[in-house]
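Some labels used for a protein model can be checked against their definitions. The questions below do that.

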2 protein chains.
Amino acid sequence: MEIKTAFKVFHYDTQLEWTHEREGELSSGDKPPLAVAPPPEFKGPGGLWTPEDMFVAAVDACTMTTFLAFAVKKQLSLVSYESSARGTLENVGGKFQFTQIEISPTVTVANPADVSRAEATLQDAEAHCLISNSIKATVHLKPTILVLQPESVEGN
Amino acid sequence: MEIKTAFKVFHYDTQLEWTHEREGELSSGDKPPLAVAPPPEFKGPGGLWTPEDMFVAAVDACTMTTFLAFAVKKQLSLVSYESSARGTLENVGGKFQFTQIEISPTVTVANPADVSRAEATLQDAEAHCLISNSIKATVHLKPTILVLQPESVEGN
């Protein structure tokens, strides 16, 4: 008798409607609609989210939400989390594709003893981010961990 | 002497800041900021764009913008373009990843002679969408091409 582990399968649905020129409007259930267009280098108007931005942002946001989930589990107390991400689009064999995504998160903790735990949690998040697992590009994590300096509560 | 073709390299930058609980705010240059959170099945609040949605939407939007670019080149006149996309997230070897993205575009043309051109242009767009080229998931295109029925301009 063979025993298999059953894993859940999830579906994510989005809708898109062309509005004018090269622009469209994305929607997904009751979420706020989002205008989308190509970047200026591909003849878009600029000032709107592009498929390229959304791809990079998805990796960045997934890294954060995975990190936050692990932080809750590990009872790691955070002061702040912010990050920037840069995706590199290159021509590979005649077609453009993203080859690298660099994620630079800055995590601030209150307790100096939490620095190494925060770093380990970021590594876990990088390894388990489901968007990173779904792309061909290499994801590089460049973390910065800060400790909140307690403010001086007394003057001189 | 070796002659190499030089291709441009492009970079796409996004920023992210944790706001509260599992939510954050994405930004990218002067584009409208976008709230992001995990989906309810991963303990998010619902009603906000998720990394999963953005990933699926990036493939859908890239397919449209690539199609529109080719349509301009081929002087293919369009009445409308709308599409829906569904991404399937599954556990593969112990980790979740997107295994399939189904894109269902509906393209309406005014001229019946343009139906086959529209279909061929969609196939070209699928083959050249740079987001599709950047992901591990299989992208399936399920196109519908419609011809706008001229309205009767007279009564009876």
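Predicted model: local features only at pLDDT ≥ 70, side-chain atom pairs only at ≥ 80, totals over all residues.

Q: How many residues of domain 1 of chain A are in contact with domain 2 of chain A?
A: Two residues count as in contact if their C-beta atoms, placed from the backbone, lie within 7 Å. Seven residues of domain 1 of chain A are in contact with five residues of domain 2 of chain A. On the side of domain 1 of chain A that touches domain 2 of chain A, six residues are nonpolar, one is polar and none is charged.

Q: What makes β1(A) and β2(A) a pair of strands?
A: Pairing needs at least two bridges between two strands. Five bridges join β1(A) to strand β2 (residues 23–27) of chain A, so the two strands pair, and they run antiparallel. In this pairing A:H20 stands opposite A:E23 in β2(A). The two strands form a hairpin with two residues between them, and A:E21 in the turn has a positive phi of about 40°.

Q: How do you know that strand β1 of chain A also pairs with β4(B)?
A: The cut-off is again at least two bridges. Eight bridges join strand β1 (residues 10–20) of chain A to β4(B), therefore these strands pair too, and they run antiparallel. Among the facing residues, A:D13 stands opposite B:R86 in β4(B), and A:F10 stands opposite B:L89 in β4(B).

Q: What does each chain supply to the contact between chain A and chain B?
A: The contact takes 65 residues from chain B and 65 residues from chain A. On the side of chain B that touches chain A, the largest share, 15 residues, comes from α1(B). The residues of that side of chain B divide into 33 nonpolar, 17 polar and 15 charged.

Q: Why are α1(B) and α2(B) called oblique to each other?
A: Helix α1 (residues 51–73) of chain B and helix α2 (residues 115–128) of chain B pack at an angle of about 125°, with their axes 8 Å apart. Roughly perpendicular ends at 115 degrees and roughly antiparallel starts over 145. The angle falls between these, and therefore α1(B) and α2(B) are oblique to each other. Their crossing is right-handed. Residues in the contact include B:F67 and B:F70 of α1(B) and B:L122 and B:A125 of α2(B). By class, the contact has five nonpolar, four polar and two charged residues.

Conventions: Residues numbered from 1 in each chain as written. Chains lettered and ligands numbered in written order. Axes fitted to C-alpha atoms, helices over the stretch in contact; angles between N-to-C directions. Helix = DSSP H or I, 4+ residues; strand = E, 2+ residues; numbered from the N terminus. Parallel < 35°, antiparallel > 145°, perpendicular 65-115°, else oblique. Left-handed = near helix turned anticlockwise from the far one by under 90°. Nonpolar A, V, L, I, M, F, W, Y, C, P; charged D, E, K, R; others polar.
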